Amino acid sequence: MTNKPVVWITRALSNAILERAGQKYELITNPEDAPRSADEIIAMSAKVDAIVPCHSERFDADVAAKLDSRLKIVANYSVGVDHCDIPALKQRGVVVTNTPDVLSDATAEIALLLMLGAARRAVEGDRMMRTASWKFWSPSFMVGKQVSGQPLGIIGMGRVGQTMARFSRGLGMQIHYYNRNKLTPDLEHGATYHDTIESLLGVADFLSLHCPAKPETISLMNAERFALLPDGAILINTARGALVDETALMGALDSGRLSAAGLDCFVTEPGGNPALAKYDNVFMLPHIGSATDQTRDAMGYRALDNLDAFFAGKSPKDSL
Ligand code: DGY
């Protein structure tokens, strides 16, 4: 028996994170890294004081209603919290935190990779090399869309959006953005603010999504909005799959409204949308925006900072 709070870490995290966590908490871990079901979450809530879940574990209203009163805090190992019904959890007296800031660089790196790869036909080129089918070269061969100097529209100018803007300024891109609030000039760095998404879309030859998935942003990019983009625009999504109506996305690719897309997240995860596989102009990755050792450790430490504050009787920095 120890007096340490009991913490369930739902997925396999690095030894460095587990070592630090083990100093203050009695841990229940998941070395086999299996995703955990709603029933397991509900059952475990009677045995632990805290849960450190990933976005792969869902805390919807039904789960929240069935949680045992022993559980006091859900310290997410993620910045996105669309897997949590926060009002329902709060109503049960459960504190909810996330891990902002620490994954902005890694996620913006993947957004940049997707933007460049989609624009410069990475999928086709890579396949050609792997299948020994590069038999021809001419000035018109594999011509893509130039990225440098082009307009980039960003929806959601929070931490990741601002980092994407900073990286893209390095390519000489002209940054336009839509955000609930206009940023102050020191954060804008010369970017052009649009007070409606519709106004932004009209100039977004490249469009990168960086807003959270909430009821009001589900299918934010629908058929009507795709129609407002310049012909041959390129969509990048590293935020959440739910922001994009995937049927409308395929319609926009078919019509040429979009010349390409770069996607790291999908409506259905894991798995993605098999119907997208036929599009060589869609560069896809399996939700790996934050997947670097450095960032994954930083996310773990940030979740532990929140737990430590909570169990020290303070308000965690990232309380939602
Ligand atoms: C996040 O932190 O929200 C990433 O998508 C990984 O879960």
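**Entry 1. Terms and model**

I count two rings of Phe, Tyr or Trp as an aromatic pair if their centres lie within 6.5 Å. The model I am reading is predicted.

**Entry 2. Aromatic pairs**

I looked up the aromatic pairs and found four in the structure. The rings of Tyr177 and Tyr193 have centres 5.2 Å apart and planes at 50°, so I recorded this pair as tilted. Tyr177 belongs to strand S7 (residues 174-178) and Tyr193 to strand S8 (residues 192-194), so the pair ties together parts that are 16 residues apart in sequence. I then asked of Tyr177: is this residue buried or exposed? Tyr177 is buried, at a relative accessible area of 0%. Tyr193, by contrast, is partly exposed at 24% relative accessibility.

Next I noted the pair of Phe310 and Phe311, which is edge-to-face, with 5.1 Å centre to centre and 85° between the planes. Phe310 is partly exposed at 21% relative accessibility, and Phe311 is partly exposed at 30%. Which residues form a cluster through ring pairs? I found Tyr25, Phe310 and Phe311 linked in this way.

I also looked at a charge over a ring. The charged end of Lys145 sits over the ring of Phe206, 5.4 Å from the ring centre.

**Entry 3. Salt bridges**

Side chains of opposite charge can pair when their charged atoms come close.

I took the bridge between Lys24 and Asp308, with 3.5 Å from N to O. This pair links distant parts of the chain, since Lys24 is in helix H1 (residues 15-24) and Asp308 in helix H12 (residues 293-311), 284 residues apart. Lys24 is partly exposed at 45% relative accessibility, whereas Asp308 is buried at 17%.

Lys66 and Asp62 meet in another salt bridge, at 3.1 Å from N to O. Both residues lie in helix H3 (residues 61-66), four residues apart, about one turn of the helix. I recorded a relative accessible area of 46% for Lys66, which is partly exposed. Asp62 is also partly exposed, at 46%.

For Arg240 and Asp82 I noted a salt bridge of 2.8 Å, N to O. This pair again links distant parts of the chain, 158 residues apart: Arg240 is in the loop between strand S10 (233-237) and helix H11 (246-255), and Asp82 is in the loop between strand S4 (73-75) and helix H4 (86-91). Arg240 is buried, with 14% relative accessible area, while Asp82 is partly exposed, with 32%.

**Entry 4. Surface patch**

I looked up a nonpolar patch on the surface. Met129, Trp134 and Trp137 make this patch, of about 420 Å². Met129 lies in helix H6 (residues 122-130). The relative accessible area of Met129 is 52%, and exposed means over 50%, so I classed Met129 as exposed.

**Entry 5. The whole chain**

The secondary structure comes to 12 helices and 12 strands. The C-alpha trace spans about 75 × 50 × 35 Å along its principal axes. Of the 320 residues in the chain, 49% are buried.

Note on methods: Residues numbered from 1 in each chain as written. Predicted model: local features only at pLDDT ≥ 70, side-chain atom pairs only at ≥ 80, totals over all residues. Heavy atoms only, no water. Patch = residues over 30% accessible without salt bridge, like charges linked within 9 Å, V, L, I, M, F, W, Y side chains within 5 Å. Areas by Shrake-Rupley, 256 points an atom, 1.4 Å probe, with all protein chains shown as cover. Salt bridge = Lys/Arg side-chain N within 4 Å of Asp/Glu carboxyl O. Helix = DSSP H or I, 4+ residues; strand = E, 2+ residues; numbered from the N terminus. Buried < 20%, exposed > 50% of the residue type's maximum accessible area, 1.4 Å probe, protein only. Phe/Tyr/Trp six-rings, centres within 6.5 Å; stacked < 30°, edge-to-face > 60°. Lys NZ or Arg CZ within 6 Å of the ring centre and 35° of its normal.
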